[in-house]
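The sequence and structure come first.

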Amino acid sequence: MVKQDRSVRTRQTILSAAARVFEERGYQMATISEILTAAGVTKGALYFHFPSKEDLARGVIHAQDQVLPVPARGYKIQELADTVMLHAYRLQTDPMVRAGVRLSLDQQARGLDRSGPFAYWVEVVGALLDEARTKGELLPHAVPSEVADILVGSFAGVQAMSQAVSDYQDLLTRASNLLRYVLPSVTTPTVLAALDLTENRAHATAAELGLTPHAPTP
């Protein structure tokens, strides 16, 4: 058990180091040597867990797919909004999530399959919208799969703009604005009037789940 725990810790140390290097350098420029130095592990330990740079990148990308279940709300659309705002919060506060998103959007990452996170988030958002439709929260014309595509694609653009303009400092505002302009076109007026789409939802939901910002690693 002790050996297994040590292996898990080593794997996480390597992933955290890779996340820092990938976020700073991008996939193409990052090297295994830099990741080894940042992780402080042997080459054998790294290759035991991740046989290649591509495997390392896939591990970092997968880390952003860990959706933390938002507590049940009175409306499924509120759960959807809180899920979006929570992801924005994690982008601001979790280096692993930031690195995974950067890799997903890195058009220079030739040979790396970057489609997984988009398909994953469309599935998550689509499932919430399907439930919302079942509960009568959506307008008749709203197709959950299409709305999910629009929301996920729009959020990808919003977070990329936020990263370029303010290093994610204004991401909660931008995410809130995205929801305030998109959801009225698909949500019934009664439900829409009851929604809280403010930036405060990000911090409130994170607090409910016991999340705290990750301290920077030297």
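## Cavity and salt bridges

In this predicted model, 17 residues line the largest cavity, and His87, Trp121, Val152, Phe155 and Ala156 are the ones nearest its centre. The largest cavity holds about 260 Å³ of space; the structure has two cavities of 30 Å³ or more. Helices α5 (76-93), α6 (95-105), α7 (116-134) and α8 (144-166) each give at least two residues to the lining of the largest cavity. The largest share, five residues, is from α8. By residue type, the lining of the largest cavity has twelve nonpolar residues, five polar ones and no charged ones.

Twelve salt bridges are found in the whole structure.

| Salt bridge | Closest N and O atoms |
|---|---|
| Glu23 and Arg98 | 2.9 Å |
| Lys76 and Glu131 | 3.2 Å |
| Arg174 and Asp170 | 2.8 Å |

Glu23 and Arg98 form a salt bridge. This pair links distant parts of the chain, with Glu23 in helix α1 (residues 2-29) and Arg98 in helix α6, 75 residues apart. Glu23 is partly exposed at 25% relative accessible area, while Arg98 counts as buried at 16% relative accessibility.

Lys76 and Glu131 form a salt bridge. This pair also links distant parts of the chain: Lys76 lies in helix α5 and Glu131 in helix α7, 55 residues apart. Lys76 is buried, with a relative accessible area of 13%, and Glu131 is partly exposed at 35% relative accessibility.

Arg174 is partly exposed, with a relative accessible area of 22%. Elsewhere, a network of salt bridges links Arg73, Asp82, Asp196, Arg201 and Glu208.

How values were computed:
Residues numbered from 1 in each chain as written. Predicted model: local features only at pLDDT ≥ 70, side-chain atom pairs only at ≥ 80, totals over all residues. Heavy atoms only, no water. 1 Å grid on protein atoms, 1.4 Å probe; cavity = no way out; pocket = protein on both sides within 12 Å on 5 of 7 lines; lining within 4 Å. Points joined across faces, edges and corners; volume = space filled by probe spheres on them. Helix = DSSP H or I, 4+ residues; strand = E, 2+ residues; numbered from the N terminus. Nonpolar A, V, L, I, M, F, W, Y, C, P; charged D, E, K, R; others polar. Salt bridge = Lys/Arg side-chain N within 4 Å of Asp/Glu carboxyl O. Buried < 20%, exposed > 50% of the residue type's maximum accessible area, 1.4 Å probe, protein only.
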